[in-house]
Structures are given as C-alpha cells and as structure tokens.
Amino acid sequence: MPTIHVEGRPYEVPEGLNLLDACLSLGFDVPHFCWHPALGSVGACRQCAVKQFKDENDTKGVIVMACMTPARDGTRVSIADAEAAEFRRSVVEWLMLNHPHDCPVCDEGGECHLQDMTVMTGHDYRKTRLPKRTFRNQDLGPFVAHEMNRCIECYRCVRFYRDYAGGRDFGVFGAHDHVYFGRMESGALASEFSGNLVEVCPTGVFTDKTLHSHYARKWDLSTAPSVCVHCSLGCNTLPGERYGMLRRVRNRYHPDVNGYFLCDRGRYGYEFVNGERRLTLALARGEPVSPEAAVEEASRLLAAARGVVGIGSPRATLETLFALRELVGPERLCSGLAARDLEPLRRAMRGLSGAVPAASLADVRAADAALLLGGDPTGGAPMLALALRRSARVAPVARLASHVPAWNDAAVRQAIQRESGPLFVASTAPTRVDDIATARVVSAPADVARLGFAVARRLGAAGDEVRLHRDAHAFARDAAAALAAAERPVVVADAASGEAVVAAAAEVAEALAARGSGVRLALALPECDSAGLALAGGFPLEDALASLRSGEADTLVVAENDLFRRLPPALAEELLSLARGVIALDCVRTPTVERAHVALPAATFADGTGTLVSSEGRAQRSFAAMPPSGDARESWKWLARLAGDAGGGGRWETEDAVLDALSGLPGLAGARDAAPPASFRLVGMKVAREPHRYSGRTSMRADVDVKEGQPPADADSPLAFTMQGFQGFPPPPLVPRYWAGGWNSVQALLRYQVQAGGALRGGSPGIRLLDGGRSDGGSPSAEAGRFPVPEAFEPRRGEWLLVGAPAIFGSEELSSLSPSVASLAPRPYVGLSPEDAERAGLREGGRVRVGAGEASAELPLRLVPGLPRGVAIVPEGLRAMPAEVRPGGYARVEAAGEEAEPR
Amino acid sequence: MFALLRSMWEVFLHAFRKRATIPYPERVAFLPPRWRGRIILSRDPGGQERCVACYLCAVACPVDCISLQAAEDEDGRRYPEFFRINFSRCIFCGFCEEACPTCAIQLTPDFEMSEYHRPNLVYEKGDLLISGPGKYPDYDFWKVSGVAIRGKGKGEGVEERPPADPRGLMP
Ligand code: SF4
Ligand code: SF4
Ligand code: SF4
Ligand code: SF4
Ligand code: FES
C-alpha cells in the first residue's frame with residue numbers, strides 16, 4: 001500500500017486512488033464539486049486544489065488538482081497551505097459570480113453541497129457588481145425540477161445521465177459562460193434513473209419536484225433506514241416525514257445493493273402512502289369502525305369458520321407471512337400467487353440457493369461478462385439494468401488498467417469510446433440495454449429458453465445439443481465463449497419470463513460454476529418480498545379455490561394481496577363469493593379490500609417496521625420513518641391479536657418477539673440478525689429519527705394542544721420518534737440520515753464509509769439467507785430434477801402468444817398509485833411486429849380486438865420493430881389494462897369493428 | 001462605623017434623585033424601535049406577504065416555537081400555508097429576525113400580550129401578518145432572487161442580464 005504524506009504526516013492508503021479520494025477517506029475536509037465516487041474525476045471545477053511537494057526539502061510546492069493527481073507512494077501534499085486555501089476560496093468566489101440570491105426559496109438549501117463548500121472555503125462576500133448571467137428553465141416532467149441559474153458547471157449531471165445511465169435526451173449546450181445543462185426542448189426526461197440528478201447535482205439546479213409540492217427542509221424531516229418496496233432488488237432508501245405526511249424518499253447507500261442510486265419508481269413511488277386510496281381506518285362491511293370492533297368481528301368470523309385459508313402475498317413482510325402462517329397453520333397457508341406465477345418463483349429460488357451464489361447488484365456491476373435471458377429488467381427490476389450498464393464497462397476499462405487509472409473518467413471514456421461488453425442479450429422483446437449489447441437475439445420465450453439451454457450445453461451441461469436457428473446458433477456460440485473466458489461473469493434473468501427461461505439461466509450458471517468460474521446468478525423476482533414468500537411456503541391460489549369449492553374451508557384471511565391482480569376476474573370473484581367470511585389486511589383500498597367483510601388497515605414501509613428478503617436472498621429490515629397513520633399498524637400485529645383471540649394467547653407484542661419466533665423456521669434463521677434488536681442502545685440512547693436541528697417542536701401541535709405531549713413510543717425498533725437520542729454514526733442498518741460536521745448535503749456519506757464509494761463503517765446491512773442453505777444442503781436444483789428443454793416456438797395463424805412486458809411506471813401495484821409515477825404509465829396497448837401487423841392488415845394506432853376464448857377487449861395497436869413473429873406484447877399489471885387481456889396464453893388479435901365478430 | 005454612616009447617607013440621598021419607576025399603565029414607556037417584543041410578519045413594498053417560507057426562523061429558534069408549511073401560489077411565489085408562533089414558549093431572543101433573509105419576521109416594541117389562557121398565546125398567520133413593511137421599508141426579496149415569478153421573468157431581476165441563449169456559441 002502506498003504511503004502519502006498529508007500536512008507532513010504519513011498515511012497508508014489503498015492502491016490506485018487519486019489524492020482527493022485518499023484525503024477525503026482519511027477524514028480530511030477537501031472542498032470539491034465535480035469528483036463523485038461513482039462517476040470519477042474530470043477536473044472540471046478546480047475546487048480541489050492542494051499543494052504538492054517534490055520531497056521533504058521542497059517548501060515551495062505547486063498547486064495541483066487533488067482529484068486528477070494519483071496518490072502514489074511518497075506523495076507529499078498540504079491541504080491547509082495558505083496559497084492552496086486562497087486558490088480554493090477564489091474558485092468559489094468565481095463560481096458565485098453568477099449565482100442567484102436564491103437559498104431561501106431553493107429546495108437544495110440546508111443540504112446544499114455548494115453552501116457547504118462556500119462555508120468550508122471561507123468565501124462570504126460578493127465583491128463584484130457586474131450583472132449576473134441568467135437562463136430560462138425547462139419542464140423536465142413530473143420528477144425533476146430545473147433551475148439553471150444555480151449551475152456551477154461541474155458536469156456531474158451529464159456524466160451521470162449519459163455516461164453512467166445511458167440516457168440520450170439530456171446534454172450540455174452552449175459555450176463560454178453560458179453552458180446549459182438540459183434537453184433539446186422541454187419534455188419529460190426519458191431515463192428511468194433521472195431522479196438521481198437530484199442527488200448527483202451539488203446545487204439546486206435539479207431538485208425533487210414531488211417534494212416541492214409539500215416542501216420541508218432536510219433538518220425538519222423525521223427519517224429512518226428503509227427498503228424500497230417497488231421491486232425485488234431491495235434497494236436501500238431513506239424516507240422522510242413531516243407533520244404526519246411522507247415527504248420524499250432518498251437513496252441510502254448500500255455498497256452491495258444500490259450503491260449511490262435509485263430508480264425513479266423507487267424514488268417517486270412513495271406518494272401512495274399519502275394518497276387517497278390509503279386505508280387507515282378499519283372497515284366492517286365497508287363502513288369505518290373502531291379497531292376493537294373490527295377485531296371482534298374478525299374473531300367472530302374465524303370462530304364460526306369451518307376452515308380458514310390464509311392468503312399471503314409477495315409484498316407482505318416476513319413477519320406478516322409468519323404471523324399468518326401461525327394463525328391458520330402451515331398446511332393452510334396459500335402463497336397468494338397463481339400457479340403460473342408461483343412455479344417460476346419456486347424454480348428461481350431453487351436456482352438462487354443452488355450451487356451458484358446469488359448475485360448482488362454489486363456483483364453485477366463488477367461482472368466482466370453478462371448474459372441476459374428473457375424480459376427487459378428495466379421494467380421489473382430497474383436497477384438491475386443500470387448495474388448491467390456498469391458491467392458492460394468492466395472489461396474495456398480493465399484493458400486500459402495498465403496506463404489509465406479507472407478514476408480518470410474523461411480519459412477512460414475517450415479511450416474506450418463506444419466499446420462495451422461482453423453483454424449478450426436474448427430477450428422476448430427489444431430492451432433498454434440493447435444499445436450496449438455485444439450481440440442480441442429477440443425471440444419467443446420458449447426460444448430464449450432453448451438458447452439458454454444451448455449455451456449451457458456448450459459450456460458442458462449434461463444433455464443433448466439444442467437445435468437452434470442460424471443467428472441464434474452464432475449467438476449461443478459467442479456467448480458461451482465469452483462467458484467461459486470471463487473471471488466473474490453473471491447470468492441474468494427475470495422470473496416473470498417463465499420457468500423455462502429461469503431454468504435455462506440457472507443451468508448456464510451451474511455449467512460455468514462447474515468449470516471453476518466465479519459466476520453469479522441474478523434472478524429478478526416479481527415483488528419486494530417474493531423471496532420471503534417462497535421461503536415461508538404456501539400453495540397456489542388455485543388450491544385455495546379448490547378447498548373453498550369442496551367446502552373444506554369457508555373463510556379467508558388475505559394479507560396485503562389483491563386477488564384481482566393474481567387471478568382472472570371471474571376466478572377471483574368466485575373465490576371471494578364462495579367464502580363466508582373474508583378478512584383482508586392492506587395498506588390501500590384494493591378491490592379485494594372492498595369485497596372483504598372486515599378490512600384491517602396495514603402499515604406501509606413508511607409507518608411500519610418489517611423485514612423483506614430481496615431477490616439476492618438478503619433479509620433487510622425496514623424501519624418506520626413515522627408513527628402509524630390513523631389506526632394502521634403492521635399486519636402481523638393484527639394477525640397476532642386475532643391469534644390471541646382464537647386462544648393462541650396473543651403471543652407476540654413486539655417486533656423482536658415475532659422475529660425470535662420466525663427464526664425457528666428453516667431458511668429464516670438469519671432474518672432476526674438483519675438489524676440490531678429494539679433493546680439496542682448507543683451510549684444508553686436510541687437512535688433519533690429527528691435530526692438535531694429539527695424545528696417547531698413546541699409549535700407544530702400547539703393549535704390542538706398547547707402542552708407538548710409525550711412523543712410516541714416505539715417498542716419495535718432501536719430508533720426513537722424524537723430528536724432526543726443518538727445523533728452520531730450508528731451501525732449501518734440504523735443510519736437514519738447522512739450528516740457530518742461541515743457536511744450538510746448527501747456528500748456527508750463520505751464520513752460513513754471506510755473508503756469513498758466502498759464499504760460502510762460497520763459492514764453491509766442485511767443478512768444473505770440463501771448462502772446458509774447452500775453450505776448445509778448440497779445443490780437442491782440437481783435433486784429437484786432438470787427442466788425439460790421446451791419445444792421451439794411456432795407462430796400460429798390468426799393467434800399470437802401474449803407476452804407480458806412490465807412497465808417501470810404503472811406495472812407495480814403500489815407505485816402506480818403515486819400520481820407522478822402514474823402520469824408516466826403507458827396507456828394500455830398491444831404490440832405486434834410491423835411485419836405481423838402488415839400481414840394481418842392492422843395499422844399503428846388502429847383499434848384491435850384482443851381475445852382468448854370468450855373474453856376479449858379492444859386496445860390500440862402499437863408497432864414494435866424487432867418483435868418476433870407470432871408474438872404480441874402487452875404491458876403487464878397496468879391499472880387501466882382490461883382484465884380480459886392476460887399475458888401468458890394465445891389470443892386472437894383482429895381489427896375491431898362490427899365486421900370482426902369472433903369466428 | 002464610618003462606612004455604615006456613609007451607606008445610610010447615600011441611601012437617604014436617593015430620596016431626591018429622579019424617579020426611574022413609571023406609573024404604568026397610566027403612562028406608556030418609550031421603547032426603542034429595536035426592542036424585542038411581539039413578533040409580526042411584514043409585507044413587501046408591493047403589499048404582498050414577505051415571508052417565502054424558507055424555514056430559517058423556525059430552525060434558528062432555540063425553543064422551537066415557530067412552525068410553518070411552505071406552499072407556492074399561482075404566481076410562482078413561495079409563501080407559508082400556515083405560520084404559527086407559540087408565544088407561551090417564545091423567549092424573545094430575536095434569532096428569528098436575524099435569520100430571516102427577507103426581513104419578513106420582525107420583533108416590535110410591544111410587550112402587552114399577557115393572557116389568562118395559554119392557548120391564546122398561540123398566534124397563527126392571521127394574527128401575525130401586518131399590513132406594512134415594518135422596519136425595512138424598501139426590501140423586496142423577489143426582485144433580487146433569480147427565481148421567476150409572475151411579473152418578473154428570468155433576467156428581469158436586479159443586476160441580471162437577459163437570459164442567455166444556450167445554443168449560441170459566441171463568446
Ligand atoms: S444551490 Fe445552494 S447555494 Fe445555490 S441557491 Fe440553492 S441552496 Fe443556495
Ligand atoms: S446542473 Fe448541477 S450537476 Fe449539472 S453541471 Fe450544473 S451544478 Fe453540476
Ligand atoms: S430497482 Fe427496485 S428496489 Fe431499486 S429503487 Fe427501483 S423499484 Fe426500488
Ligand atoms: S425566516 Fe423569514 S422568510 Fe423564512 S420562513 Fe421565517 S419569516 Fe418566512
Ligand atoms: S473535484 Fe477536482 S477539479 Fe472538481
């Protein structure tokens with residue numbers, strides 16, 4: 001490890017850093033703007049100037065940009081040097097020449113990196129009287145507000161948006177002192193990761209537009225460490241509450257999961273918590289009742305029941321699934337998924353706990369080759385797509401390693417140009433990562449699976465050779481070669497693409513592992529606790545229906561599940577009407593809640609505490625940022641009370657008690673240790689959710705009661721709903737905000753990391769559950785039998801295979817209740833390849849009738865170039881989508897109109 | 001002994017000094033304009049609310065007795081949707097006035113605000129807002145800020161150049 005001398009004292013630093021990175025990680029305060037741990041250095045802002053000395057006798061030194069200078073062994077620098085300090089002060093003064101007088105009305109204020117750096121460098125007075133340069137702003141859509149006057153030209157935004165996230169509709173314009181960061185013209189930003197501009201931009205140019213409409217400063221937000229509930233990846237978040245309303249969601253850094261970024265669904269999906277469909281009161285036959293009355297009524301239903309089926313959900317926490325299982329008994333636990341969704345999930349879980357370790361997002365970002373099978377991850381697991389973009393740079397950057405350090409972003413980009421990969425994409429429809437693919441094939445799901453099996457067999461998996469079309473054959477050959485040559489390749493698939501595709505992906509990964517490769521398997525699962533649901537067990541919904549039909553059971557307890565999203569409407573209807581009693585628990589009013597005899601209001605991620613298992617098998621605890629709204633509480637608490645009324649004795653009162661109980665289940669033993677227990681104290685205190693500068697404590701409730709009451713107690717977590725408590729650096733699973741002396745902005749995160757952009761002090765939050773299974777139980781996928789290679793897909797005449805395409809905005813249940821997300825949801829459509837449409841005499845935008853069997857619905861037609869013959873795509877899970885159109889089977893697609901009666 | 005007599009003499013002399021006690025409330029005391037008494041919210045020279053709901057007074061307040069919620073009106077101006085001061089907690093330190101970047105919140109030389117019921121000391125925006133600019137007759141925050149509002153577009157503020165053309169390449 002090289003030794004560098006800062007202010008005359010020696011320090012050991014890791015290999016291959018720049019001076020800025022090294023000094024910041026050592027704990028020195030070095031002002032900077034353009035350098036970002038995830039984006040590298042470009043030397044654009046000149047703010048990180050330090051003095052570098054030749055040797056110990058050199059007293060004069062030269063000013064260098066710390067971010068552009070390698071931290072080589074023997075480097076001597078001074079940050080405090082008077083000349084360097086004066087240089088940095090002048091740089092801020094220049095940057096401030098045109099800066100508007102906006103802080104009071106700027107949403108960045110109080111967490112502004114520019115404010116911090118201005119204070120840090122000591123600049124305080126604008127001497128010039130020259131008029132300021134101004135800009136007009138653009139409307140960038142529902143997520144990001146634009147205020148260009150505040151720009152300091154650090155280029156972080158374009159570097160993130162274009163170079164990191166692959167966006168094309170945003171860039172830099174102009175020259176000289178009128179450099180403009182924006183789009184060609186006003187319009188919604190097209191990148192699914194645009195919300196990160198809010199955190200990447202060190203100033204108030206890009207701010208959170210949803211926050212603007214109910215604005216609160218960072219110092220006024222009550223925050224807690226949380227986990228995103230809008231897909232299975234388990235990105236870490238920091239939701240913030242004020243006056244009982246959830247105000248925003250920010251990124252919480254997790255080195256192995258989301259790193260510095262979130263997708264826009266995760267950042268903006270939160271509005272459902274405040275939305276009008278939120279359920280905060282208990283209902284009995286649709287009428288609001290007191291919680292006691294509701295529990296009494298529910299207990300009565302349970303006592304009178306001949307048999308009870310508990311219906312779980314992939315978006316319920318582990319605690320809730322366990323409490324449900326205890327209430328109804330393991331043999332009466334239904335997964336809440338239809339067989340066609342449960343089978344791929346089980347298959348995926350088998351793959352993830354097999355011989356190949358599940359890939360974390362960090363593994364994907366670091367992979368030197370990747371194979372993507374099936375659907376586009378952008379829709380169902382967006383950050384996986386961003387991770388793939390990172391992985392596509394790994395090999396090209398590694399080739400430069402001997403002469404260009406990876407942090408030297410401008411040089412690296414110049415050298416690699418558009419080189420990318422190896423990334424092999426075999427998908428069922430065109431994807432958003434096609435632009436970086438080494439090779440790609442678009443074909444029907446069965447053919448994608450065949451292709452996967454072909455790759456696996458080339459890599460040595462047992463079984464006959466799979467016959468492929470000519471271009472697929474070349475693809476399989478090249479993909480197998482690239483994967484075999486890589487050191488840590490990754491195989492990526494989405495469980496929503498079906499069992500065959502998942503099985504193929506697992507087989508490829510296993511074949512690679514058998515060759516000794518450091519391969520990882522990344523399988524996106526449908527929802528935030530799909531993995532937890534699979535571990536908790538449960539039969540498919542069809543079996544629940546059968547037991548109601550047979551009269552074996554007559555009462556349902558539905559935990560956070562809308563059956564109308566899982567089953568065709570007729571079957572959901574039948575299931576609910578066969579039940580004599582339906583007790584539904586949910587955080588929003590779903591059609592199932594509306595049909596329930598008793599509805600109990602459940603807490604959301606923002607006002608409840610719980611554990612979710614991500615698709616990586618990582619159990620992560622998510623803590624409530626605010627006390628429960630209205631009568632809502634965590635579903636497991638309702639279920640424990642019902643169990644108590646039924647004679648079970650109301651066993652668990654607290655989160656820790658339920659965690660202790662559930663860790664007795666196989667595979668879930670580690671879940672308890674995902675975060676410290678509620679009894680955990682730091683210097684005798686709980687961790688404060690409210691920051692030390694929280695304002696309005698003696699005034700915010702004074703209109704109701706002038707006496708300040710006790711803050712709500714929290715028996716379920718080591719966090720407190722007050723500003724009294726530990727305000728320092730708690731262990732990572734308990735970090736409620738990033739704040740450090742002199743660093744009010746998100747850049748304070750530096751002080752929570754061992755190394756900028758690296759590990760957190762105190763380790764990574766969460767416990768990987770599936771790794772444990774692997775060590776004690778061999779390879780379950782082998783004993784479970786191999787999946788047969790499916791027959792090649794044959795297009796049918798007059799009928800198309802309907803393939804579901806999840807949309808990032810609109811397809812996920814909860815986020816689609818967020819107005820900003822909903823405004824970007826696609827309108828329902830059916831997509832055909834232009835060739836198929838022409839053959840069928842259908843036109844773009846024309847109305848077509850899509851139907852299977854009796855059911856049919858009218859939809860506009862969209863032409864999707866590159867779609868395989870005989871395949872039609874429909875967006876999945878949209879609220880506006882007619883229930884008759886369900887992906888997965890074959891359907892007629894014909895021009896709508898009188899003459900087109902069903903044949 | 002001598003010291004004792006001197007003290008008695010000095011006390012006796014006070015009987016002839018000018019009286020410091022004023023017979024309040026018959027006579028009203030003169031309080032300088034910078035006296036830190038009852039807090040008001042002022043208006044700008046144009047007669048509109050000065051407060052831009054920046055939350056700085058609230059965070060500066062050592063007893064946390066100010067709370068508000070920001071909102072934006074149809075002219076693009078930030079304003080407080082509600083603004084509350086709990087005077088039963090206020091210590092009249094004047095930190096809020098010092099923190100206020102718009103001269104909106106000001107302390108006045110009025111201290112006559114006793115109440116029998118504590119809740120009556122909770123003042124809402126309607127109780128705080130006065131009709132004039134208070135101690136600072138001229139200051140108008142929106143004229144110097146870079147944010148556009150109705151009636152003041154980009155580049156029309158004080159010391160601003162007209163908006164730059166982002167597509168222009170001329171120096
Ligand atoms: S960007 Fe920062 S310095 Fe500039 S107006 Fe906003 S808060 Fe103030
Ligand atoms: S908009 Fe923000 S991120 Fe982009 S150059 Fe300006 S200050 Fe930097
Ligand atoms: S990728 Fe998934 S978990 Fe991550 S922020 Fe987006 S929706 Fe949330
Ligand atoms: S400091 Fe001034 S402008 Fe800001 S909220 Fe308080 S009164 Fe309003
Ligand atoms: S951070 Fe070094 S030049 Fe900008």
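Chain A and chain B meet in a contact that takes 54 residues from chain A and 49 residues from chain B. The model is a predicted one. Between the two chains, about 3900 Å² of area is buried. Carbon and sulfur atoms give 52% of that area. On the side of chain B, three residues lose the most area to chain A: B:Asp64, B:Glu159 and B:Arg161. Together they account for 17% of what that side buries.

Next, look at the polar links. The interface of chain B and chain A holds 30 residue pairs in polar contact, with both residues at pLDDT 80 or more. Which elements of chain B give two or more residues to the side that touches chain A? They are helix H2 (56-60), strand E2 (66-72), strand E3 (78-86), helix H5 (141-144) and strand E6 (160-163). E2(B) gives the largest share, 6 residues. By residue type, the side of chain B that touches chain A divides into 28 nonpolar, 13 charged and 8 polar residues.

Now turn to the charged pairs. How many salt bridges are found across the interface of chain B and chain A? There are 8. A:Asp703 forms a salt bridge with B:Arg84. The closest N and O atoms of this pair are 3.1 Å apart.

The strands link the chains as well. Strand E6 of chain A, residues 132-134, is joined to E6(B) by 2 bridges. The two strands run parallel. Within this pairing, B:Pro163 of E6(B) stands opposite A:Thr134.

Definitions and conventions
Residues are numbered from 1 along each chain as its sequence is written. Chains are lettered from A and ligands numbered from 1 in the order in which they are written. This is a predicted model: local features need pLDDT of at least 70, side-chain atom pairs count only at pLDDT 80 or more; totals for chains, interfaces and linings use all residues. Side-chain values use heavy atoms; hydrogens and water are left out. Contact means heavy atoms within 4.5 Å. Buried area is the accessible area (1.4 Å probe) that two parts lose on being put together, summed over both. A salt bridge is a side-chain nitrogen of Lys or Arg within 4 Å of a carboxyl oxygen of Asp or Glu. A polar contact is a pair of N or O atoms within 3.5 Å; within protein, one must be able to donate a hydrogen and the other to accept it, and residues adjacent in sequence count only if both atoms are side-chain atoms. Helices (H or I, at least four residues) and strands (E, at least two) are DSSP runs, numbered from the N terminus. Ala, Val, Leu, Ile, Met, Phe, Trp, Tyr, Cys and Pro count as nonpolar, Asp, Glu, Lys and Arg as charged, and the others, Gly among them, as polar. Two strands pair if DSSP finds at least two bridges between them.
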